[in-house]
Amino acid sequence: QVQLVESGGGLVKPNDSLKLSCAASGRITEYAMAWFRQAPGKDREFVAGIAWNGGSTYVVDSVKGRFAISRNNVINALYLEMNNLKPEDTAVYYCAAGPRHVYHTENYASPWEYDTWGQGAQVTSPP
């Protein structure tokens, strides 16, 4: 089982951009990958997911057109490019890995389907 480490979080102004990275300790070709986020007092929510080979991606409507997920299976890394950040994007962002088939099921957005998590990266965009 791989270990995941996020980086790239920080404090930004509204409309700024930020790119999160997630480094895996081993091969990630066996996994569907995703980004989740959790704001204070709220449940962890799905943000974006990507199939094992990067051939298909999905982002939730609240970030569509602003965020993009990508992966590099050669260097075992996952990314979340975030543009036009808003105060409501403030949260701890987590990368997650789950079995390949998860991406193609109706439960792909459920955190329960992912069994490996990073420690999280704080992204703050004050009003």
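Let me start with burial: Cys 22 is buried, and Cys 95 is buried as well, where buried stands for under 20% relative accessible area, with exposed meaning over 50% and partly exposed in between, using a 1.4 Å probe and protein chains only. Please keep in mind that this is a predicted model, in which local features need pLDDT of at least 70 and side-chain atom pairs count only at pLDDT 80 or more, while totals for chains, interfaces and linings use all residues. Residues are numbered from 1 along each chain as its sequence is written, and side-chain values use heavy atoms, with hydrogens and water left out.

Because Cys 22 sits in strand β3 (residues 18–24) and Cys 95 in strand β9 (residues 91–99), the pair ties together parts that are 73 residues apart in sequence; strands here are DSSP runs of E, at least two residues long, numbered from the N terminus.

Turning to the sheet, four strands form an open, antiparallel arrangement in the order β1-β3-β8-β7, where two strands pair if DSSP finds at least two bridges between them. Its edge strands are β1 (4–7) and β7 (67–72), each of which pairs on one side only.
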